[in-house]
Amino acid sequence: MPYRATVITCSDRAADNVYEDRSGPVLREALDGLGFDVAEAVIVPDEAEVIATEIRLAVADGARVVLTTGGTGVGPRDVTVEATRPLLTYEVPGVAEAVRSLGSANTPLSWLSRGLAGVIEQDGNRAFVFNAPGSRGGARDAIAVLGPLLVHIVQQLDGADHDLSRPASQD
């Protein structure tokens, strides 16, 4: 049975149909390609409480992976990080740093993303959450980093042991 995933696009303009959501479909298609059961598109305005509510609803609905896209920059309406941070039980900062680092090979603007990676524990459900940038390139960078990790992350959230067939790390 595939794991459930939800993508939440956080954008005033996409929510108001001023322009189409361009980064959400990139993430949904990639998650589908990785074998996840991907929920229907969720597009919300840049309102912290609305974003937080959608993240909580996704986890309550069984999402094991919740990716947000948009609202991670330094603009006055970029509030996705502020909506996400109070929901996290703990952060996984290396993932967010890896996405910023990969993106910086193409644009120095990547370093302005404040996106978080972390785990939410809610009513007995555990899910991994990541705030991806709102551009298609930022979404592609995020999935390039996340793709090889997501199934392992969910397995670890469920208490699976590490793969002991891998060679031991060298000290």
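**View 1. Leucine 109 sits in the loop between α5 (93-104) and β6 (117-122).** Welcome to the first close-up of this predicted model, in which local features need pLDDT of at least 70 and side-chain atom pairs count only at pLDDT 80 or more, while totals for chains, interfaces and linings use all residues. Residues are numbered from 1 along each chain as its sequence is written, and side-chain values use heavy atoms, with hydrogens and water left out. Helices (H or I, at least four residues) and strands (E, at least two) are DSSP runs, numbered from the N terminus. Leucine 109 is exposed, with a relative accessible area of 60%; here buried means under 20%, exposed over 50%, and partly exposed in between (1.4 Å probe, protein chains only). Together with Val74 and Leu112, Leu109 forms a nonpolar patch on the surface, with about 310 Å² of accessible area. Such patches are made of residues with over 30% relative accessible area and no salt bridge, where like charges are joined within 9 Å and nonpolar side chains (Val, Leu, Ile, Met, Phe, Trp, Tyr) within 5 Å. A salt bridge is a side-chain nitrogen of Lys or Arg within 4 Å of a carboxyl oxygen of Asp or Glu. The areas come from the Shrake-Rupley method with a 1.4 Å probe, and for residues only the protein chains shown count as cover.

**View 2. Strand β1 (residues 4-10) pairs with β2, β3 and β4.** Six of the seven β1 residues are buried, so the strand is largely enclosed by the rest of the structure. Two strands count as paired if DSSP finds at least two bridges between them. With β4 (residues 63-69), β1 runs parallel over six bridges, and here threonine 9 stands opposite threonine 69. Three bridges link β1 to β3 (residues 42-44), also in the parallel sense; isoleucine 8 has valine 42 as its bridge partner there. Look next at β2 (residues 37-38), joined to β1 in parallel by two bridges, with arginine 4 partnered by aspartate 37.

View 3. β6 and β7 form a hairpin with two residues between them.

**View 4. Asparagine 17 and aspartate 123 have positive phi values.** Aspartate 123, in the loop between β6 and β7, has a phi of about 50° although it is not a glycine. Aspartate 123 is exposed, at 76% relative accessible area. Asparagine 17 lies in the loop between α1 (12-15) and α2 (23-33), and its phi is near 60°. This asparagine is exposed too, with a relative accessible area of 68%.

**View 5. The largest pocket has a volume of about 760 Å³.** Of its 35 lining residues, the closest to the centre are Gly70, Gly71, Pro133, Gly134 and Ser135. β1, α1, α5 and α6 (136-146) each supply at least two residues of the lining, and α6 gives the most, with four. On a 1 Å grid over the protein atoms alone, a pocket is an open set of points where a 1.4 Å probe fits, with protein on both sides within 12 Å along at least five of seven lines; lining residues have an atom within 4 Å of a point. Grid points are joined across faces, edges and corners, and the volume is the space filled by probe spheres set on the points.
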